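I kept them in the order in which I checked things.

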Amino acid sequence: MRRQAALCLCASLALAACAAPSPQTAAPPADTADDGLAWARGKVWYQVFPERFRNGDPANDPAAADVPEAEGRRWRLSPWTGDWYELQPWEVKRSTDFYNMGVVFARRYGGDIQGILDKLDYLKDLGVDVIYLNPVFRAPSLHKYDSSSLHHVDLNFGPDPAGDRQLLAEAKETEDPETWIWTKADILFLRLVREAHDRDIRIVIDGVFNHTGRGFFAFKDLLRRGRKSRYADWYMVTKWGDKPGDFEYKAWWDVKSLPILGRDGQGLRPGPKKYVFDITRRWLAPNGKAKDGVDGFRLDVIEEVPAPFWKEWREHVRSIKPQAVTVGEIWGDASGWVKDGRIDSTMNYQFAQALVGFFIDRKAAVSGAAFAARLKALLDSYAPPKAQLLLNLMDSHDTDRLASMILNPDRTYGQRHSPRTNPDYDVAKPGAEALQVQRQIAAFQMTFLGSPMVYYGDEAGMWGATDPDDRKPMLWPELVYAPESRHPLGRPRPADPMRFDTALWGFYRNLMRVRRESPALSAGDLRFLSAAVSRDLVGFSRRTGDFEALALFNRGDKARPLSLPVAHAAWRDAVANKDLAAAKGRLRVEVPARGFLILLSQPRP
């Protein structure tokens, strides 16, 4: 789900003759107050879209009966390693339009919880600290934002869908948590949480509390019983008809498959509110054990539920698990929400928008000075401890992928990002030049203040337009993939090889290691360096205690020499693994064209 707001900030920084850290561009040092969230500050996040990450158990693969879009017609599980834009025989019989709802949106690839379990060691080795999971709860769609239940994991994500259906049929559950059982899918998910914790990886799940699907148990009862349903006030019914299933209701963006939960000025109505509070407790502290539960929630379309609800809900969360983190999906300025205590952090789309303007755009590119000013204003709008929690992402399930953004510059972020709305959108595999920009951006993410987040597969070389093309099956090194040779609009294109990019993966892995091992990069304050900010150059210092890191970025076509006044005599280029020495208090370096430097101070002898 997506919300979007544009930020346009025009500012400039005076270019000084020296590169000393400037107080005017400083973010204050992080607060050391113990609020239980030290584990989340500055950590590396990784977003997983479960249906497309890994098929770990083919025995639980969806059948046609599990896929509403199959509509009783011939349907087959899609091949994980196939050409994304190639239509399967059953798809051609429906439509030759790739983006037809009965084609790509009817696809299932079999990703599941076992697949995530199987790849926990991959994520640990990469350097991931926190996994953010798109919805895992029961829902008919591939994305699971149309829930049928929030107290059970989707049956096809678990080991025994048929057995779990039988268990649930016999259980006769209601909204009362005393009637809830644990399915095999639920138990496998809790195993995932436990095994992630064993590897010192935290799990944050998607909380979708604004709406449900039409298959949600309360809405199904409403369809059967109409105004006589015990759940009649759980939804926003605007007009009752003469028959039980004949009524009108409000839905998210008027998408009738997503009825919104009942609410008033203070938040959700008592029925759905209690249910949300109950499922929150279930997953934060299963069977009353907080150590076995998830570590927080990412909150979908949070701005559409009245604000007072979130403040009360967050207090509920912290009463169960004080160290649990809450992250809002807010595309614009979220600082007011954080200051008011409704959430701890946000998906920092404003960070992404700023980076697009400096690193990606060509005709609409902003200067290094304007870029630095925009980021400074962003940091200054949050208290230092909260700025360290910001999820500094570039892409997600709601945007085109980073690599494809680079191929398609000079667009408003989040707009005209698919051939569906922009026939000129380039769907090809990014080349070496685009890959170099991606490396710069990844390095910026891993050195900037906050918590960098990587969308699954960016580190493996995946590319694609926005939904559905940003949700291709994950590339794995042990699998052999067909080349991508089709075009969604039927146009000619070269065949692009699809394979796991080992070199890019190694690059991301090394960056995460450098960040993890550097106290300055993982926890230091941030100051832009006035002498390292110009049209094509931006640089900043990260510092905590006696540790300092310098991050310098040059988007220009020519190398840029710099002479920086520094307090430390010994430095190390963290990427080139090369020692550097300052002379008479100045460090002389050359930032490569379309490149960057990450320099770490070394201990005094």
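I count a residue as buried when its relative accessible area is under 20%. The model is a predicted one.

**Entry 1: strand β13**

I began with β13 and found it mostly covered, with five of its five residues buried. I then looked up which way the side chains go. S451, M453 and Y455 point one way from β13, while P452 and V454 point the other way.

Next I checked the partners. β2, residues 45–48, runs parallel to β13 and is joined to it by three bridges. In that pairing I found W45 opposite M453. β12, residues 391–392, also pairs with β13 in the parallel sense, over two bridges. There, N392 stands opposite P452.

**Entry 2**

F297 stands opposite T326 of β10.

**Entry 3: nonpolar cores**

Which residues have the most contacts inside the largest nonpolar core? I noted Y46, F189 and F444, in a core of 163 residues. The helix α10 gives the most to this core, with nine residues. Another core lies apart from it and has 15 residues, among them L537, L587, L597 and L599. As background, nonpolar side chains in soluble globular proteins tend to be buried together.

**Entry 4: salt bridges**

I ran the search over the whole structure and got 48 salt bridges. I wrote down a few of them.

E51 and R52 meet through their side chains at 2.6 Å, N to O. Both E51 and R52 are buried.

R298 forms a salt bridge with D300, and the closest N and O atoms are 3.1 Å apart. R298 counts as buried because its relative accessible area is 1%. D300 is likewise buried, with a relative accessible area of 1%.

E484 forms a salt bridge with K472, with 2.9 Å between the closest N and O atoms. E484 and K472 both sit in the loop between β13 (451–455) and α15 (502–517), 12 residues apart. I found both E484 and K472 buried. Elsewhere I noted one network, in which salt bridges that share partners join D121, R191, E195 and R199.

I turned to D361, in the loop between α10 (349–360) and α11 (368–380). D361 is buried yet has no salt bridge. How far away is the nearest side chain of opposite charge? That side chain belongs to R362, and the distance is 7.0 Å.

What D361 does reach, with its side chain, is the backbone nitrogen of D410, at 2.7 Å. Leaving aside neighbours within four places in sequence, I listed V356, P409, D410 and R411 as contacts of D361.

**Entry 5: backbone checks**

D410 came up again when I went through the phi angles. Its phi is near 60°, a positive value in a residue other than glycine. D410 is in the loop between α13 (402–407) and α14 (432–447).

I placed K144 in the loop between β3 (130–133) and α4 (161–171). K144 counts as buried because its relative accessibility is 7%.

I looked for cis peptide bonds as well and noted one that joins D467 and P468, with omega about 15°. P468 is in the loop between β13 and α15.

**Entry 6: one distance**

Last, I looked up V92, which is in helix α1 (residues 89–92). V92 is partly exposed, with a relative accessible area of 43%. The C-alpha atoms of V92 and P483 are separated by 20 Å, and the two residues are 391 residues apart along the chain.

Definitions and conventions: Residues are numbered from 1 along each chain as its sequence is written. This is a predicted model: local features need pLDDT of at least 70, side-chain atom pairs count only at pLDDT 80 or more; totals for chains, interfaces and linings use all residues. Side-chain values use heavy atoms; hydrogens and water are left out. Helices (H or I, at least four residues) and strands (E, at least two) are DSSP runs, numbered from the N terminus. Buried means under 20% relative accessible area, exposed over 50%, partly exposed in between (1.4 Å probe, protein chains only). Lys and Arg count as positive and Asp and Glu as negative; His and the chain ends are not counted. A salt bridge is a side-chain nitrogen of Lys or Arg within 4 Å of a carboxyl oxygen of Asp or Glu. A polar contact is a pair of N or O atoms within 3.5 Å; within protein, one must be able to donate a hydrogen and the other to accept it, and residues adjacent in sequence count only if both atoms are side-chain atoms. Contact means heavy atoms within 4.5 Å. Two strands pair if DSSP finds at least two bridges between them. A nonpolar core is a set of buried Ala, Val, Leu, Ile, Met, Phe, Trp, Tyr and Cys residues joined through side-chain atoms within 4.5 Å.
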